[in-house]
Every structure is written in C-alpha cells, then in structure tokens.
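Let's walk through this model together, one feature at a time. Keep the 3D view open as you read.

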Amino acid sequence: MQQAALFGFRLDPPPPVDLFYEGADRLAFGGHQVRVHHTPGHTPGGVCLQVGPSGEAGRQLFVGDTLFAGSIGRTDLPGGSYDTLIRSITQVLFPLGDGAEVYPGHGQDARSATNGRTNPFLQP
C-alpha cells in the first residue's frame, strides 16, 4: 500500500492472512506436495516452493525473483541483501540437486546445475 501511494495510487488493505507456514512445512494438494524453503535476499521473507508428487522429493522449483537463468533477483530495494540472496541460492537451492527444474517469476526456465556453472553472479 505504501509503494502504491508513492505512485499516486490508493489501494485497499490486503485481506488477513489465512495461514502462516514455516520453512519445513509441507502443503498438500491432490497427489502432490509443496515444500516451502525460506530464501531471503530479494525480500526479507522470500520463499521458494519445491513441488512434486506426495512422498517424493519435488524436482520443480518455483523461485520467484530469487534466481533467473543467468541472473539473480534485485537486492537494491528496501530489505534486499546481496550476501543473503547468494547464501539462499547456494545453501538452500543448490543442495536440492542438479536436475531441478527452476521456474523463475519471469524470464526463461533454467536447470539449477547449468545456471550455477554459467550464471556470472554465482561464480567463485
């Protein structure tokens, strides 16, 4: 609401939160499950969602603006942190495996291993 006001827009307050979840929580729908991974850096409360069949490690990662093919999310907005974002990617997302299908919030999809080897932001 505050950001909209900066641009001269007025928004109604958002509805109340239905459910709070922790990083280890699993949400179920149909025959699938979603594991929530806390990945701050782009935003303080950022999360990525690992989706797969119930009882299996999901191979699909919905990463929003945390990671892109060949890039990473912005960290120059309020609450962003470059070092925190890099830690989230290397310590939370990369351990999920090389074969993970990475779906960013926009742009092309990526494979995590390929992205890690070729992404200039993730080189030593």
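How many residues lie between β1 and β2 in their hairpin? There are two residues between these strands, and Gly-30 in the turn has a positive phi of about 55°. Strands here are DSSP E runs of at least two residues, numbered from the N terminus. β1 covers residues 26-29 and β2 residues 32-38; they run antiparallel and are joined by four bridges, where pairing takes at least two DSSP bridges between two strands. If you look at Leu-27, you will find its bridge partner in β2, Val-34.

A word on the basis: this is a predicted model, in which local features need pLDDT of at least 70 and side-chain atom pairs pLDDT 80 or more, while totals for chains, interfaces and linings use all residues. Residues are numbered from 1 along each chain as its sequence is written, and side-chain values use heavy atoms, leaving out hydrogens and water.

Now turn to the aromatic rings. The structure holds one aromatic pair (ring centres of Phe, Tyr or the six-membered ring of Trp within 6.5 Å; planes under 30 degrees apart are stacked, over 60 edge-to-face, the rest tilted). The ring centres of Phe-62 and Tyr-103 are 5.1 Å apart and their planes meet at 20°, so this pair is stacked. Because Phe-62 lies in strand β4 (residues 60-64) and Tyr-103 in strand β7 (residues 101-104), the pair ties together parts that are 41 residues apart in sequence. Phe-62 is partly exposed at 36% relative accessibility, and Tyr-103 is partly exposed at 22% (buried is under 20%, exposed over 50%, partly exposed in between, with a 1.4 Å probe and protein chains only).
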